[in-house]
Amino acid sequence: ITKGFKDLGSGFVSGGVGMGAKMTTATSRGLAKVTFDKDFQDHRDRELRLQPGNASQGVISGMRMFARGVSSGVTGIVTTPVREGKKGGVGKGILGVGKGVLGIFAKPASGAMDMISCTLRGIESSVFGKDSSERSRLPRHTHPSGKVVPFSLSKAQGVHFLHKFTALRDQFCDIPYVAHITEQIHQDEKKNERKNEKHIQIIFALYTRIVVVHAIFGKKINIVKVYDCTKIIGFQEKKELNGMEIFFCDGSAGIIPVHDESLYPKLTVLLKQLLDFHLRQVSQVECSDSMLFHPDLENLKFMEVYEYECFQDGTWSKSFPKSSNLAPYINANTSTQHSSIINITPPKDTEWSSKWFLKRTEKVDMDGWEYAQELSSSFVGKAHQAHIRRRLWVREVITSNNYDESLA
């Protein structure tokens, strides 16, 4: 009987705490919707996916969300009109002013509700053991193309690490993960106050970024370097600099630190894969005691063609109104219009040296499309009530007298 009454009381308290957490979460979600700020809503959703393990974690998480709500609300007065103005001109800018004013009230209120919700969820986990159920394995990593691939523990761990720490999650969780390389850093005992701490370096290869992270295992991380891998044109080993030197299309260079020489082959494979994503073709040249990978930029050029579609009758199609002066395919440089990409020929004295491939950036969706309300508007990755969309096809051409059939 005593145990029964104890469980009954515990159930009432647990139900009350759980109900309070769900009510405040629902209220906060409604306030977040009112802000019309997709970035703010997405960040909030990512934070709420993480269940606090105890009361202290709940309080810390709640205070962090409240602080972000206040910060985003105050800065949104300026940033929202500017962002909206860039997307759609003066009209959108004026609408952005209204969103900014609305956000200065709604975002802190949403953050306050989330603070209460996270605190209650933390208390629920701490007192009633709601965090007892755990995954039998980490979530599966999906290929950047969106395809489902066989489960890989290493890649699942890499994705889990990216989502575990706020600093990485906020900046990079929306960029598709490719692979990572981990190595232990041997610290100088004089500098290392705690000899039992394990220092590691992780090189993350994401679809558009290379991120180098130093971590004290299980405690804290430090983002050391971030490179835009869409601009890389080559790389080579630089053992005298303790790393791999990478070269960019603007003439600059950078170093990816490497402490263990046995990792150079793995890093080479990884960088070749990223180059293949963005350049599709790489030539290998002997360079003293190291290997230099770079495309033949002297004779290599690119043809860029936009593919357009318009939204009508509830679907996307390549049928355009006669007044629009649009064609399904338009050369990005010459504005020449084409009915089919198959009919496009290379410029004079050049030949194709690759197949057509999509040029992807952070501003496009997974299929390469960017959207606009009309042709004169700015194109963005996502847009409500968009009527026009386009994606950029690229094909390599090389001068005829330097063309090598083996490159095709």
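Predicted model: local features only at pLDDT ≥ 70, side-chain atom pairs only at ≥ 80, totals over all residues.
**Ground rules.** I number residues from 1 along each chain as its sequence is written. Local features need pLDDT of at least 70 and side-chain atom pairs count only at pLDDT 80 or more, while totals for chains, interfaces and linings use all residues, and side-chain values use heavy atoms, with hydrogens and water left out.

**Entry 1: cavities.** I looked for cavities first. On a 1 Å grid over the protein atoms alone, a cavity is a set of points where a 1.4 Å probe fits but cannot get out, and lining residues have an atom within 4 Å of a point. Grid points are joined across faces, edges and corners, and a volume is the space filled by probe spheres set on the points. I found two cavities of 30 Å³ or more.

Helices here are DSSP runs (H or I, at least four residues), as are strands (E, at least two), numbered from the N terminus. Helix 3 gives the largest share, six residues.

I sorted the lining by class. Ala, Val, Leu, Ile, Met, Phe, Trp, Tyr, Cys and Pro count as nonpolar, Asp, Glu, Lys and Arg as charged, and the others, Gly among them, as polar. The largest cavity has two nonpolar, four polar and three charged lining residues.

The second largest cavity holds about 50 Å³ of space. Among its lining residues I noted T35, F36, R83 and K107. By class, this lining has one nonpolar, four polar and four charged residues.

**Entry 2: cysteines.** I searched for disulfides (cysteine sulfur atoms within 2.5 Å) and found zero. Next I checked burial: buried means under 20% relative accessible area, exposed over 50%, partly exposed in between (1.4 Å probe, protein chains only). C229 is buried, at 3%. C310 is buried too, at 6%.

**Entry 3: cores.** A nonpolar core is a set of buried Ala, Val, Leu, Ile, Met, Phe, Trp, Tyr and Cys residues joined through side-chain atoms within 4.5 Å. The largest has 23 residues, and I210, I246, I256, L267 and L271 touch the most other members. Helix 6 (264-278) and strand 3 (209-216) are among the elements that each supply at least two. Helix 6 gives the most, six residues.

I followed I210. Its contacts (heavy atoms within 4.5 Å) include C229, I256 and L271, leaving out residues up to four places away in sequence.

Notes: 1 Å grid on protein atoms, 1.4 Å probe; cavity = no way out; pocket = protein on both sides within 12 Å on 5 of 7 lines; lining within 4 Å.
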